[in-house]
Structure formats: C-alpha cells, structure tokens
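Please walk me through this structure, taking a few local features in turn.

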Amino acid sequence: VRLRMSESSEATFGGRRAVPPNTSNAAENDPPTVELQGLVPRGFNPQDYLNVTGVHLFKERWDSNKVDHHTDKYVNNKLIVRRGQSFYIQIDFNRPYDPKRDLFRVEYVIGRYPQENKGTYIPVPVVSELQSGKWGAKVIMREDKSVRLSVQSSPDCIVGKFRMYVAVWTPYGVIRTSRNPETDTYILFNPWCEEDAVYLDNEKEREEYVLNDIGVIFHGDFNDIKSRSWSYGQFEDSILDACLFVMDKANMDLSGRGNPIKVSRVGSAMINAKDDEGVIVGSWDNAYAYGVPPSAWTGSLDILLEYKSSEKPVRYGQCWVFAGVFNTFLRCLGIPARIVTNYFSAHDNDANLQLDIFLEEDGNVNSKLTKDSVWNYHCWNEAWMTRPDLPVGFGGWQVVDSTPQENSDGMYRCGPASVQAIKHGHVCFQFDAPFVFAEVNSDLVYITARKDGTHVVETLDTTHIGKLIVTKEIGGDGIKDITDTYKFQEGQEEERLALETALMYGAKKALKTEGVLKSRSDVHMNFEVENAVLGRDLKVVITFRNNGSTRYTVAAYLSGNISFYTGVSKAEFKSETFNVTLEPLSFKREEVLIGAGEYMGQLLEQAFLHFFVTARVNETRDVLAKQKSIALTVPKVIIKVRGAQVVGSDMVVTVEFTNPLNETLRNVWIRLDGPGVTKPLRKMFREIRPKSAVQWEELCRPWVSGPRKLIASLTSDSLRHVYGELDLQIQRRPSM
C-alpha cells in the first residue's frame, strides 16, 4: 500500500533540481486532506472509513514525554522530544480501531517542499516492534475508540519543528487530518541517546553542558583571572523558536539540520553579523552609538529575542557576548556545549605560527609594522559530537568560534575543529584547525626595524601564547584548567612533535629563529604592577638581576598604554626612560609611579593597562623585552533579596552601587537578569556623583525552583564592565 504526499504540479525548476530549496523551518505547505486516485465509485463515502476525531500529545511539563526527554524546562506548550527516543501519543477515532481492516499512519512534515528522500516528509509506519535507529509507531493500548502509540524517531533525524498529520488509507486513496498547530512537534538533538552523534555518556556532564541555563565566563588576565556570570536562558519563552529562526535566516537546507557538524558551523557564521545579517554586530573601537555596549549584556535572552522580532543584527558584541549567545544556541538545540577562555590568545593575521612585534631602534613598539596582536584573553565555544568525516579518534570536543576574526571559505566563521587534532598537530583536518592551533601555540618574536630598513630578530618568547585555557567546572562556579586538552606541556618531546606535525601539514613558520636566543650577557629583567585598582595611583616595579662578573649599564624604556583586550593599543599614557648601573652579581629595583589622573581620562570598555618594558645592555647591545597587561580592579554591584525565596511568591530585589571614583558617572544603565527568577530588566540613572550611592528595587516572582542566580551589570559613559551577582536557592511551592 503506498501512501504518498501529492507532488504539486508546479513548473519544474531548471537543471537537476526539480524541487526548490527547502531552507525554512517556518515556511509551510498544506498537504491535501483527501488524495483520491483514479475513478471513485459514486457510492464512496469517506465517513465509512476510520475518521480521526482527536489527537493527544501529552505535552504538559509533568507528562512523561517531557520529563523523560529532559525537555520539561522549556517554557513552551508544544510537544518537545529528543530524537532516537520513544514518546507517547493518542489518537481518537469515530469507532474502535480494527488492525485487521484499518490502516493508518502518522506523518511528520517540515518546510515548504517536503520530500521523503530528504527526510523532510516522514511517513511513520505502524509496526509490531520498534527497531532501534528507525522511525516507527507501535500500538501499546486500544481502549474504546482510542489508540495509544509509542512513536520513535530516528537518531539522525532533522532537528526542528515538525507539523504532524494522521493519514488513513482507503481503497481509493488517502484521507488526512487537516493542519493543526496544536500538534506541532519539536525534535531536538539527544545527548542521552547512544546512537545520536551528540551522545555524551556522563549524566553530570549532560546536566552541565545541556541543561544548565546559567554559566560563568572567565576574562581578565592570566595573572588576575576575573569571572562573570552569564544567563544562557535556553529554556525561556520563544528562545527555541529564535534558534530555529537563526538557521532559517542562514538559508540552511533543512536536510542538513540533523548533522551537528553542519549546525555548529552555520551557527559560528550566523551568531556574528558580518557578511550574513547574523545575530550580533561586533565592535572593538569603544564607540557604541545606537547600541548597547558589549559589557552591558547580562545574558543571551535580550539579544536573541530582539534579533527574532526585528530580524536585524543586534548591536554590539565582543568575544564573550558571541560565545554566550552561541552557547545558548547550541544547548537549546541539544548539542552539549561550553565556553572556553584562552589567556594570551594569538591573533595571527598570516597564520605563520608566529606573532611579529616590531620595535623601533629606541625599543618602542612600531605600530605600523606590527599587524599581529595578542588578545589578553579570547572566548570561544566547544561543542561535543562525533566526527564521522574525520579518521577515528577526533570526535569529542570541537572548537567553534563565532567571533569574526578571519575568513573561512568566504565567511566569517570558525570550526568545528577537533581539540584532539589540534593537540597532536593534525591541522589538516577540517575546519579551520591551523587558525586555532596558532591561537594556542604561536611564538612571540621581537624584531627591531632599523632605520636603514633591515630587520633584526632580537628575542623570542615561546611560552607566552596559550598560557592557560579554562572553562567552568561541572556543578560549580569554579575554574577548570583544560590547557592539557589543547597542548602538551611546554618542553615535552610530544610538544615538539605536535609542532613539527603541524608544520608538515602546512602551518607556516616564517623565520629561522634557532640560535637567535643566545643572550650575550647575564642580565635578566622582569616587572610587576602593584595595587592596580581603578581610580587609584599604582606603581610599576622593574627588577634587574646581573648574574655575571662584569659591570653593565642598561638603558631602559617603559611605555604604558590603554589597550583593548584584543591587545590593540589605543593611547600611550606614560612613557619614561631611565638608566641603571648593575654591579657584578647584583640585583636592582626601579619604581615608576603612575597617578590615577594619567590613565583615568581615556579608559576603554574593559579597564586594561598594557605595559611594555624594553632595556638595552649598552656593553653587549642585548635587548631585553617584556610586556604585561593588567586588568584594573573594578567596583562591584551589590544585589540583595528580601522575602521568601519560593516559586510563585513575590520577593524584593535591591540593586545597589556606590561610585568610588572622583568623577561623576553619567548616563548610567543598570541591568538585572536571572533565568527562572526575572525577565531581563533595566533602569537608567542620569548621574551618580563621586562617592555617592544609588539603589533600585524590583518585585520578582520566581517560576523555577532549585539553585538560581541573579546577575547585574552597570555601564556608563566613563565606567563599564561592572558586575554583581547573587546565588539563590528557590524553594518549590508548598503543596496545599
């Protein structure tokens, strides 16, 4: 018996493609309710056959369909199931169902041009036993005029929102139920199903990387790690639809939407707005007219909802915003994901595994020649999946990065690149592995550009890049060091081997730097920055040690710059030269004081000061160079709560901030967010005078129990990147 969807007799399209591209989950066709073939006798009455009078999907949050499929947290009244796992539906007929003479089946349809061979039209056969890996429906109960079915989807089926029909067979054709939006069914990736490409075998990891809707993003500096919370909100109202809309906006073919490799690659292109009208516009120049400064966002909700309603890119983001929204997208669709921070991340413009820093003859940095930059930190995402397109062993965590840095196959996107392949230097495997390898493995090369046009390599730093790679620990807010998943320890034989493998596979290394490093003198230099608190004076302490038996004189130069966290310098606020005489086997310490007034006037989005110290040993012409970034300690927003912390009860949330600076803050925006506790809120204060405080109260009524978090941010014209958070334990509503 063949039940087929009617192929509409529209004009065929030129070339090999008879059906137009099926790239929108939102677009629909309306299959006919009656498809009769050939001549039908006059006495034929569809009412004589089985007629569907009702369909029940058991889609309440407490129904086993949602609980067993781990979709009970979604604020969505449609049925949401995960693929490869069975769920229950009930069909009511106009009379009792008789398996001997009645034939019906359930159909799932997605997009405007459904086709069975593309997986966009799925006729589900009624079978006596469900087979793993295949679509099927099994009758598990017949009661009066109703039939209850256990329906199982295939573990590689398309992820998205399907329309559902019930079709009954008659000798003269098919009678089908008419379109009913109430029976629409979302099918998601399933990390709980062994046959799914995103299967993750550890329950604690699934709870963290799929079901946790609050995260921690690490930023700041290698020597001074700072953290902030981020509300992913992947279960909030309309977010699932917004994530499906992102794929529609990318014109992604529906038939590819069951493949996590394709979905994550499309996501990495679409989360940034460059070249595809994607979700967020990046801005690194401290000018945020007509938009929200990147540091103001507390989570992904506002961004995704604004994108879905306006269908235009949202302004503005920097790397942690792209990573936060991308993480929401991946977790919402069911792909396990986490945010990773790489401290001292190389942005290598020519991917030659080396960042060239050009110096003038006096030791100052030549910014015209220096094209590569070292980001103090850079955030990207890892998504968990098998890689059937690569040799065995390269599945697991994959780097996907939606911050627009470099072009990949004509678009700003990056990944998925296997973390395991990066560690072992196998950068030949798709996608974008050489770029990620360079981000964590490049060398810093200091080169003097002489006035006569020649370039001299002065010194090499092989351990500065990819110093530390971290993510949030499972089940807590602490830090988990995952550097060893990306690289072998410095100096290990395997590390050299991985580098040689990467070079063999075409990662370039430009300079012959062997033998350059032999220092001709025994002078060592280092420096530290002491008490770096925003709005206060600070000092730089430079130490010199002479381990030799000769007396040396050193000409030194300190440059202090306001820098973006991407390592790009904006303005020099301090430049000082000094001479040091070093007796044999001696130690000397120089201090440079910096007043708050010298740097406060021109601070950027993130309060980073970048110091560069170069010293030339006059007797040997050796150059010693060191650079460090410091993140100033910034005041916090205080959040307090009073009243019972119970689902459905009102509690009062107070947000307080005291301005510690000697200047008035103007146009102050405070944002408050907490998934399951409050919708994102914001309030504006015209000004906050020096040393004075502001307070803002809101009523919140939590709707999710368990550990929750409130997150606040403050931005103003002159002070940004100010955060605060509060952990809550929300109790269930007491049962009457």
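Isoleucine 638 has glutamate 656 of S35 standing opposite it. The model in which this pair is found is a predicted one. S34 and strand S35, the latter made of residues 651–658, are paired in the antiparallel sense, and five bridges join them.

These two strands belong to an open sheet of three strands, whose order is S34-S35-S38 and whose pairing is antiparallel. At its edges are strand S34 (638–642) and strand S38 (693–700), each of which pairs on one side only. From one strand to the next, the twist averages 20°.

The next topic is a helix pair. Two packed helices are described by the angle between their axes and the distance between the axes. For helix H3 (residues 239–249) and helix H5 (residues 301–310), the axes come within 9 Å and the crossing angle is roughly 55°. The handedness of the crossing of H3 and H5 is left-handed.

On the H3 side, the contact is made by Ile239, Asp241, Ala242, Phe245, Val246 and Lys249. H5 contributes Leu301, Leu304, Leu305, Tyr307 and Lys308. Sorted by class, the residues in the contact of H3 with H5 are eight nonpolar and three charged, with no polar ones.

Glutamate 311 lies in the loop between H5 and S15. Its phi is near 55°, which is a positive value in a residue other than glycine. How exposed is glutamate 311? The relative accessible area of glutamate 311 is 43%, so this residue is partly exposed, a class that lies between the limits of 20% and 50%.

Strand S15 covers residues 314–317 and includes tyrosine 316. The peptide bond that leads from arginine 315 to tyrosine 316 is cis, and its omega is near 5°.

Another cis peptide bond runs from glutamine 430 to phenylalanine 431, with omega near 5°. Here phenylalanine 431 sits in a loop, the one between helix H7 (419–424) and helix H8 (433–441).

Histidine 70 is located in the loop between helix H1 (64–68) and strand S3 (79–82).

Note on methods. Residues are numbered from 1 along each chain as its sequence is written. This is a predicted model: local features need pLDDT of at least 70, side-chain atom pairs count only at pLDDT 80 or more; totals for chains, interfaces and linings use all residues. Side-chain values use heavy atoms; hydrogens and water are left out. Axes are lines fitted to C-alpha atoms, for helices over the stretch in contact, and angles run from 0 to 180 degrees between N-to-C directions. Helices (H or I, at least four residues) and strands (E, at least two) are DSSP runs, numbered from the N terminus. A crossing is left-handed if the near helix is turned anticlockwise from the far one by less than a right angle, and right-handed if clockwise. Contact means heavy atoms within 4.5 Å. Ala, Val, Leu, Ile, Met, Phe, Trp, Tyr, Cys and Pro count as nonpolar, Asp, Glu, Lys and Arg as charged, and the others, Gly among them, as polar. Buried means under 20% relative accessible area, exposed over 50%, partly exposed in between (1.4 Å probe, protein chains only). Two strands pair if DSSP finds at least two bridges between them.
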